[in-house]
Amino acid sequence: MGTDALTQGLNAEQARAVVTLDGPLLILAGAGSGKTRVLTRRIAKLLERGTVGGGAFAPWLRPWNVLAVTFTNKAAEEMRRRVEELVGESARQVWVSTFHSTCVRVLRQDIEPLGWRRDFVIYDDDDQLRVIKAVLEELKINVKELAPNAVRGRIDRFKNGISAGEVLPRADPFPRILELYEARLKKANALDFNDLINKVVQLWTEQPAILARWQERWKYVMVDEYQDTNPAQYSFLKLLTAESRNLAVVGDDDQSIYRFRGADLRNILEFESDFPGAAVIKLEQNYRSKGNILKAAAGVVRNNKARKDKTLRTDAEDGEPVQLVLADDETAEADDVVNRMIRMRRPWSEYAVIYRTNAQSRQVEQALTRNRIPYTLVGGRKFYDRMEIKDILAYLRLVNNRDDDVALLRIVNVPTRGLGDKAIAGLKLEATTHGISLRAAARTLGGTAGRAGTGFATFTLLMDRLERAAELQPLPELVQYVAEESGYLAMLLADEDEEAKSRVENVNELVKSAAAALDEPDDDGNLVGPGPMALRHFLDRATLSGQSDELPGEGNGSVTLLTAHLAKGLEFPVVFVIGLVEKCFPHARAELEEDIEEERRLAYVAFTRARERLFVTAPRRRRSLDGWFDDTVLSRFIAEIPEAALAGFDRDHGNMPRARPGFGAGSLGGFGAGAARGTPALPPSRGSAPFSPSRFSPNAAPKPVVAPARANVRPPGLRTMVPDNLDRFTVGAEVLHPMLGTGTIQQRDGTPANPRLTIHFASGGPRTVYAVTASLELVIRP
């Protein structure tokens with residue numbers, strides 16, 4: 001295939017990128033700009049250059065001298081397939097692989113100078129946890145005080161360079177844990193996943209001769225998704241191409257959305273200074289989206305300061321403006337989305353619903369299920385199938401029915417209570433022998449000596465407390481109490497990785513779901529309301545909501561539900577981006593300017609998944625954990641969309657309150673929510689009056705008001721702050737509660753991760769609350 005053939009059908013910038021083969025090259029590839037086609041044809045061009053006739057290759061450039069690195073096995077396989085279609089079997093000799101697979105190949109040949117044998121094993125997550133548990137046991141650290149998952153997350157962050165400059169307290173056990181962890185891995189001739197790249201960097205730094213051999217092997221290096229590289233991957237590339245300087249990277253700084261995994265945006269922003277003389281080619285022609293979609297996305301992301309200047313363009317028509325849809329609440333928002341799908345009469349597979357966090361899928365899942373519309377949840381389980389949801393529901397099922405043995409077996413040792421397989425076998429034997437339920441058997445065994453007896457006694461006392469709470473507390477408070485009193489919340493909070501944070505948000509959403517259940521009609525058409533039937537109704541509702549797997553597809557596929565992070569690289573004819581309000585998108589944990597810029601890039605990714613139509617939706621109010629509605633603030637990203645590209649937004653008066661420029665997202669409240677630390681707290685907005693349906697989409701009917709608007713419990717002129725550490729909630733401290741007003745802490749107990757506080761409130765006497773979930777503020781007195 002000649003040069004003309006390799007550049008045929010490409011635009012000028014794409015063709016230039018294909019034929020620019022020597023020296024450092026930065027290809028800035030905007031969303032939908034055809035970067036994969038450029039990468040594969042560039043590889044083909046390199047192989048064409050090395051051909052000397054008769055299918056032979058010149059000694060100075062053979063297929064195995066080309067290395068192409070991607071981030072996923074799927075992307076590598078797709079690139080390899082496309083190159084083979086262009087040049088034939090010689091493509092199989094090009095090393096197209098992920099960073100980690102490439103590093104395994106290096107280490108299998110050359111790891112011995114570092115002290116490992118070449119037959120080293122690679123530990124997965126479970127293997128890591130086993131080693132960490134052994135280390136904690138050796139150091140006599142209780143896993144209830146320091147969760148192994150949290151330690152693993154910290155080790156990962158350390159090895160990815162995320163916490164490299166962190167100053168540790170003298171009493172912090174982490175350095176010693178890491179030391180023993182590394183020693184155990186080396187003794188076992190093992191590496192963990194993060195070691196694969198780090199050890200290659202160490203090897204090449206310490207062994208120049210070995211580095212030179214690999215530099216001779218891989219003379220031309222190409223990297224896809226360069227904006228997602230971390231410090232170790234940057235060092236790998238810098239060392240490998242130091243002699244040849246033939247490094248071509250493809251990426252888009254506007255789509256850098258993995259900082260939480262260690263991605264360093266500076267790698268792409270500073271490419272020209274890191275590799276002097278680099279050529280820069282911008283792929284700005286978009287082949288995916290209509291004009292107004294691109295204008296909306298560009299209008300948002302151009303507000304970032306840390307970015308390279310570029311503007312996507314398209315030859316396609318502008319199409320329909322991006323449609324802003326305002327709804328009464330999150331239920332009405334989901335209903336509106338589904339109603340629009342039905343009215344548009346497209347195959348279900350042409351729709352995607354994109355949201356910021358997994359917890360937001362619940363309302364949409366339920367709306368689709370009510371309308372018998374099939375859906376696919378990308379990258380995760382359906383809401384009521386998620387582990388943490390099923391665990392909390394199992395506690396509630398056992399409260400509702402003491403004979404539910406399946407529920408008991410799920411949670412009797414979650415969180416851990418020292419009840420292993422042997423103890424569970426004894427429990428089953430006791431129940432079978434005496435013809436009683438496992439719950440009754442647990443009570444009997446709780447009176448025996450030993451570790452298992454203590455565990456069963458602890459569990460039995462817990463369930464007794466939960467049953468009493470069910471008789472006294474409203475349903476949402478009961479769900480919250482179960483999460484706290486069982487130790488489940490503390491278990492999640494002790495784990496610092498992103499997955500655990502997502503699980504905390506899911507538990508939050510379950511509490512909100514319990515509050516919403518009180519507003520729904522029962523089989524006779526009556527509102528359930530508070531009372532003994534509420535728990536049973538809620539459990540039935542949860543079970544039925546999870547039965548959508550059997551919905552018929554009718555040949556039209558299914559609606560796709562996914563987070564903005566998982567949407568990257570995908571495209572759909574019609575996209576709904578939901579929940580565009582402050583504290584949701586941007587996320588409540590986005591407090592610093594760099595956090596907001598990452599959220600803005602995430603919005604850009606979400607918007608540019610749409611080919612033909614883009615809808616952005618926002619609820620006027622969101623249900624809080626205690627069942628009340630909080631007024632929302634429209635996401636700042638909506639106001640950043642150019643006026644000509646957006647329909648449904650009144651710029652003069654605003655459809656909703658808007659975020660102030662430069663103001664952080666603040667505190668979302670609830671389990672583990674990230675508050676703006678150490679800054680004066682603003683009183684929460686608590687509006688719950690009904691809204692006029694004429695101000696919203698025609699399908700967003702007003703919902704029943706669940707409670708009257710609350711009086712403002714904040715005394716005029718009172719100064720408060722959200723503390724940066726739960727240790728600040730000490731006995732004698734004066735606090736402000738959003739419902740109960742001011743009070744003084746009289747007693748503190750429970751766990752350090754979530755202290756239980758007894759507070760004497762001026763308006764209501766003594767009450768017991770949990771620090772993490774009570775939305776407390778410290779009162780500042782002159």
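Visitor: What should I know about the model before we start?
Guide: The model is predicted, so local features need pLDDT of at least 70 and side-chain atom pairs count only at pLDDT 80 or more, while totals for chains, interfaces and linings use all residues. Residues are numbered from 1 along each chain as its sequence is written, and side-chain values use heavy atoms, with hydrogens and water left out.

Visitor: How many helices and strands does the chain have?
Guide: The chain has 28 helices and 25 strands. Both are DSSP runs, numbered from the N terminus: helices are H or I, at least four residues, and strands are E, at least two.

Visitor: What makes a residue buried?
Guide: Buried means under 20% relative accessible area; over 50% is exposed, and in between is partly exposed (1.4 Å probe, protein chains only). Buried residues make up 55% of the 782 residues in the chain.

Visitor: Why is Lys382 called buried?
Guide: Its relative accessible area is 14%. The limit is under 20%, so Lys382 counts as buried. Lys382 lies in the loop between β13 (375–377) and α17. Lys382 and Ser361 are 21 residues apart in sequence and 8.0 Å apart in space, C-alpha to C-alpha.

Visitor: Why is the pair of Tyr226 and Phe271 called edge-to-face?
Guide: A pair of aromatic rings is described by the distance of the centres and the angle of the planes. Rings of Phe, Tyr and Trp (its six-membered ring) pair if their centres lie within 6.5 Å; planes under 30 degrees apart are stacked, over 60 edge-to-face, the rest tilted. A search of the whole structure finds 12 aromatic pairs. In this one, the centres are 5.8 Å apart and the planes stand at 85 degrees, so the pair is edge-to-face. Tyr226 is in the loop between β8 (220–223) and α11 (231–240), and Phe271 is in helix α13 (residues 271–274), 45 residues apart.

Visitor: What makes a charge sit over a ring?
Guide: NZ of Lys or CZ of Arg must be within 6 Å of the ring centre and within 35 degrees of the ring normal. The charged end of Arg105 sits over the ring of Trp95, 4.0 Å from its centre. The charged end of Lys238 sits over the ring of Phe275, 4.5 Å from its centre.

Visitor: What makes a nonpolar core?
Guide: It is a set of buried Ala, Val, Leu, Ile, Met, Phe, Trp, Tyr and Cys residues joined through side-chain atoms within 4.5 Å. Of the 49 residues in the largest one, Leu393, Leu396, Val479, Leu510 and Phe538 touch the most other members. Helix α17 (residues 387–400) gives the most to this core, with 8 residues. A second, separate core of 43 residues includes Val577, Leu580, Cys584 and Ala645.

Visitor: Why is α24 called largely enclosed?
Guide: Of its 20 residues, 16 are buried, so α24 is largely enclosed by the rest of the structure.
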